[in-house]
Amino acid sequence: MRWSGTADLVAMACMLAGAGLCLLAGIGLVRLPDVLTRMHAATKPQVLGLLLVLLGAALRLRSAVDVGTLVLVGLFQVLTVPVAAHMVGRAAYRTGRNGSAHLVVDELATAPGKLTGRPQEERDG
Amino acid sequence: MDQALTVVVAALLASGALVTVRLVRGPSTLDRAVALDALAAVVMAGIGVLTAARQIPYYLPGLLVLSFLGFTGSVSIARFLALRDEAGSGDGDDGDDESDEGEGDDGDAGDGEGDGDGGDGAASGAGTGTGTGDSGGTEQRSGG
């Protein structure tokens, strides 16, 4: 069975890459300074790392039902992770935990009709 | 193959430990939410590696449930808990602002009422305008 041996090798390579991305996320979460940069590190295993591991598991399982479940897990993850990250980032911006010292440009602060930042004082004043 | 699997499991365990460090140490609730998301992803990757190593599919529904759980926890923390945490910590001004922001719908409704009181003529004019529009609509409906 030459095909299964090749599939096992590819699966192991995918899982190695996925585990490396998870390790990068751990290092980044510990070392990076504020919420937005930590989100940048934390999304690596959530999408690409997990998809690589799921691909590796699918290459090892090789049955239609299991691969279907893995595809479902990957699809759901790809759909939900951006929504969760968007809400966390918006809450971080609104509570002022966006690491303003490290921001190069803050386009939300000068956007017309903005709903974030400090709208109360501007509306009142 | 076994050595590669050992490397994978070691990397996953190390990343789980590092993410847990951030989960414990994180200064704000949002840091903990981000770390919790990453920890859920690492655990999902570990379950995937376990499934692939033993070639048994029984843990796949658990993978699906973990995906749901991470999403729900992160969204609920970002939506409801982060603002309360900010109000509870030292800078109360931001917390008050953000609680107002969280109830933006109520604030907008209050603004609308205030405008109506300030300009009664405009408000009544708008009311009659909508009223005639509605009656016209009913006439059209009755005629058709």
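Helix H2(A), residues 35-61 of chain A, has 27 residues and should span 39 Å at 1.5 Å a residue; its end C-alpha atoms lie 37 Å apart, which agrees. The expected span is 1.5 Å times one less than the number of residues. Helices here are DSSP runs (H or I, at least four residues) and strands are runs of E (at least two), numbered from the N terminus.

This is a predicted model, in which local features need pLDDT of at least 70 and side-chain atom pairs count only at pLDDT 80 or more, while totals for chains, interfaces and linings use all residues. Residues are numbered from 1 along each chain as its sequence is written, chains are lettered from A and ligands numbered from 1 in the order in which they are written, and side-chain values use heavy atoms, with hydrogens and water left out.

**Chain composition**

- Chain A contains 4 helices and 0 strands, giving the pattern α-α-α-α along the sequence.
- Chain B contains 6 helices and 0 strands, and its pattern reads α-α-α-α-α-α.
- Of the 125 residues in chain A, 45% are buried; for the 144 residues of chain B the figure is 31%. Buried means under 20% relative accessible area, exposed over 50%, and partly exposed in between (1.4 Å probe, protein chains only).
- In chain A, 58% of the contacts between residues at least 6 apart in sequence join residues at least 24 apart. In chain B, residues 24 or more positions apart account for 40% of the contacts with a separation of 6 or more. Contact means heavy atoms within 4.5 Å.

- Two packed helices are described by the angle between their axes and the distance between the axes.
- H2(A) packs against helix H3(A), residues 64-94, at an angle of about 175°, with the axes 10 Å apart. Axes are lines fitted to C-alpha atoms, for helices over the stretch in contact, and angles run from 0 to 180 degrees between N-to-C directions.
- H2(A) and H3(A) are therefore roughly antiparallel to each other. Angles over 145 degrees count as roughly antiparallel, under 35 as roughly parallel, 65 to 115 as roughly perpendicular and the rest as oblique.
- On the H2(A) side, the contact residues include A:Val35, A:Met39, A:Val47, A:Leu54 and A:Leu61. On the H3(A) side they include A:Asp66, A:Leu70, A:Gln77, A:Val81 and A:Ala92.
- The residues of this contact divide into 18 nonpolar, 4 polar and 1 charged. Ala, Val, Leu, Ile, Met, Phe, Trp, Tyr, Cys and Pro count as nonpolar, Asp, Glu, Lys and Arg as charged, and the others, Gly among them, as polar.

- Most residues other than glycine have a negative phi.
- A:Arg62 follows H2(A) and sits in the loop between H2 and H3 of chain A. Its phi is positive, about 60°, although A:Arg62 is not a glycine.
- A:Arg62 has 33% relative accessibility and counts as partly exposed.
- B:Gln55 is placed in the loop between helix H2 (29-54) and H3 of chain B. B:Gln55 is not a glycine, yet has a positive phi of about 55°.
- B:Gln55 is partly exposed, at 37% relative accessibility.

**Individual residues and contacts between the chains**

Contacts listed here leave aside neighbours within four places in sequence.

- B:Ser15, in helix H1 of chain B (residues 2-25), is buried at 0% relative accessibility. B:Ser15 touches A:Cys22, A:Leu23, A:Gly26 and B:Val42.
- B:Val42, in helix H2 of chain B, is buried at 6% relative accessibility. The contacts of B:Val42 are A:Cys22, B:Leu12, B:Ser15 and B:Gly16.
- B:Ser67, in helix H3 of chain B (residues 60-88), is buried with a relative accessible area of 3%. B:Ser67 is in contact with A:Phe76, A:Gln77 and B:Met44.
- A:Thr6 lies in helix H1 of chain A (residues 2-31) and is partly exposed, with a relative accessible area of 42%. The C-alpha atoms of A:Thr6 and A:Leu59, 53 residues apart along the chain, are 9.6 Å apart.
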